[in-house]
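Keep the selection tool ready.

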Amino acid sequence: MTAVNLQDQIPNNVDLGGNRALQRALEHWQPRFLEWWQELGPAGFQAADVYLRTATSVDAKGWATYGTVKMPDYRWGILLADRTPDRKIGFGDHFGEDVWQEVPGEHRAALRNLIVTQGDTEPASVEQQRLLGRTCPSLYDLRNLFQVNVEEARHLWAMVYLLHAYFGRDGREEAEELLHRHSGDPNNPRILATFNEPVRDWLSFYMFTYFTDRDGKYQLKCLAESAFDPLARSTRFMLTEEAHHMFVGDSGISRVIRRAMEMMKELGTDDPQLLRQHGVVDLPLVQRYVNYWFTSSVDLFGSEASSNAASYFANGLKGRPDEPTFEDHVCKDTTYALELPDGKGGITTTEVPMRNAINEIVRQSYVKDCAVGVSRWNRVIKKAGVDFEITLPNRRFRRNIGAWAGVPTDPRGTPISADEFAARKDEWLPSESDRAYVLSLMQQVTEPGKIAGWIAPPERGINSLPVDYEYVKLH
Ligand SMILES: [Fe+2]
Ligand SMILES: [Fe+2]
C-alpha cells in the first residue's frame, strides 16, 4: 500500500515531497484555495468546531479519521487508490494494452477537458450550498452539509493535483480557473447548467445530493475505468467519499416523507393545504421536486448520440460504469437502438453505432440506480398505509440537452403540445408557491437533539455517536 504522508503541508500518498517543483506549485495554489473557501465556502460557520471525517488513508477497511475541526483547518489531502499491478486498458481500441502512467500527447486536450469538467462541479456544489447553514433543520444535518462540502473541496484538490502533475502550464492555468468560475455568475459561470442552479432550501439539498451527486458517482465510475491510470486511481478513491453524499440525500428525503406520514396520520388527511398549515411537506410536492432535480441531473449525461462520447470510449479515456460487467469491451461493429423524437410529435427508434450511444447507456444505469432509493421511500409510504407512489419521470421529460431538449412531454415521456405542457407545468414541477412554501419552512434549528418540524429525526447518529450529540459547536 502507498504510504500516506500526513505531516506534509499537503497530506498525500503521491510522494509529493519527491517532486519539489510540483510540491511548490501546489503549495502556491493552496492559499488561493483557502481564500476561495473563506469567501465562497459555508457562510457564517468558518469558526465553528465541526465533527468531521477526514480521508487519511486509502485502506478499504479504515480510510477516514473522525474528529472535531474548524473547516478552514480541514486537512484536504491528495489521495489516490492503490495501483493495480499490471492493470490493462479495459475498453476501446486499446483494449488489453498496458494503462498509461503519463498522458499521451494525442489525448492530452481531451483528457484535460474531462478533468476540468469534473473538477469544475466540485467547488460549484460548495458554492451552491453555501447559505444552507443558516436554515439547517438540526446540528446533525448541519454537520452532514459541511461533511459533503469539505469532501467536494477535496475532490477539487484531486483534480487540481492531476492538472498540476500531468498537464504542465495549461494544467496550472486550468487549476486557477477552477477557482475563478463561480456558480451562477452571469459573466463566468460554472461549466454545467445544473451546477449554476441555486440550492436555496434543504429539500433541494437532499434532492441534489440524491440525484446530482449520483450523476457524480456515475461520471466517476466511468473515469475510474480510464486508461490514464492516475485519473482512474484518483476517481476510484473519490467514490469512497461519494457514497455518504448520496446517503445524506436518500435519508433526508426519507425523513421528510416519514414526517409527512406522521402528520397525515395525526390529522387523518392527505389534503396538501391542510398539511401545509401544519408545516410538513406534502407528497405531491416531494414528487415535483423529484421531477425537477432528476431531469436536471439526467441532462448531465449529455446527448443521446455523441461523437465526443464515442471518441472518449474508442481512445480509452472514459468507459462505461462497471465496464468489466459488459461482455463486449470494444463495441466496434455493434449498434444501439436510440429512442428519438420523430419530428412529428412522436417517437422513433434509430440504430446508432454503440460507441455513439455511450451517454445513453450510462444514463440508463444511472436511472436504474436512482430507482433504488425511490422504492425505499415508497416502502415508507406503503408501511404507513398511504396510497401514493413516488415515481421517476421518463428520461424524455423536461430535457434541456440532447435529442429531447425542448420537446414537450408529460412525465411519462409521451409527447404533448407546448400548450398542454404550459397548462400542466405546475402539476409536474415546483411552482412559485411550492418554492415559497418550502422556503417558509426553512428555520434554523441549532439546539443539540432538536429538529425542525418538517422533517423526522435521523435513525442514528454519526460514527456511533448519539443523534443529540453536539455535531457542530457554534461560537
Ligand atoms: Fe465530488
Ligand atoms: Fe459528492
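This is a predicted model: local features need pLDDT of at least 70, side-chain atom pairs count only at pLDDT 80 or more; totals for chains, interfaces and linings use all residues.

**Stop one: a pair of helices**

Select residues 20-40, which form helix α1, and residues 168-180, which form helix α4. How do α1 and α4 lie to each other? They pack at an angle of about 10°, with their axes 10 Å apart. Angles under 35 degrees count as roughly parallel. So α1 and α4 are roughly parallel to each other.

Now show the side chains at the contact. From α1, pick Ala25, Trp29, Arg32, Phe33 and Trp36. From α4, pick Arg172, Ala175 and Leu179. Colour them by type: 6 are nonpolar, 2 are charged and none is polar.

**Stop two: a hairpin**

Move to residues 335-341, strand β3, and residues 347-353, strand β4. The two strands pair in the antiparallel sense, over 7 bridges. Click proline 341, then find its bridge partner in β4, isoleucine 347. β3 and β4 form a hairpin, with 5 residues between them. In the turn, select glycine 343. Its phi is positive, about 85°.

**Stop three: one leucine**

Select leucine 283 in helix α8, which covers residues 283-298. Is leucine 283 buried or exposed? Count the other C-beta atoms within 10 Å: there are 22. A residue is buried at 20 or more, so leucine 283 is buried.

Next, look for its partners. Leaving aside neighbours within four places in sequence, leucine 283 is in contact with Ala260 and Phe388. Draw a distance from leucine 283 to alanine 260, C-alpha to C-alpha: it is 7.5 Å. In sequence, the two residues are 23 residues apart.

Key:
Residues are numbered from 1 along each chain as its sequence is written. Chains are lettered from A and ligands numbered from 1 in the order in which they are written. Axes are lines fitted to C-alpha atoms, for helices over the stretch in contact, and angles run from 0 to 180 degrees between N-to-C directions. Helices (H or I, at least four residues) and strands (E, at least two) are DSSP runs, numbered from the N terminus. Angles under 35 degrees count as roughly parallel, over 145 as roughly antiparallel, 65 to 115 as roughly perpendicular and the rest as oblique. Two residues are in contact if their C-beta atoms, placed from the backbone, lie within 7 Å. Ala, Val, Leu, Ile, Met, Phe, Trp, Tyr, Cys and Pro count as nonpolar, Asp, Glu, Lys and Arg as charged, and the others, Gly among them, as polar. Two strands pair if DSSP finds at least two bridges between them. A residue is buried if 20 or more other C-beta atoms lie within 10 Å of its own, exposed if 12 or fewer, and partly exposed in between; C-beta atoms are placed from the backbone.
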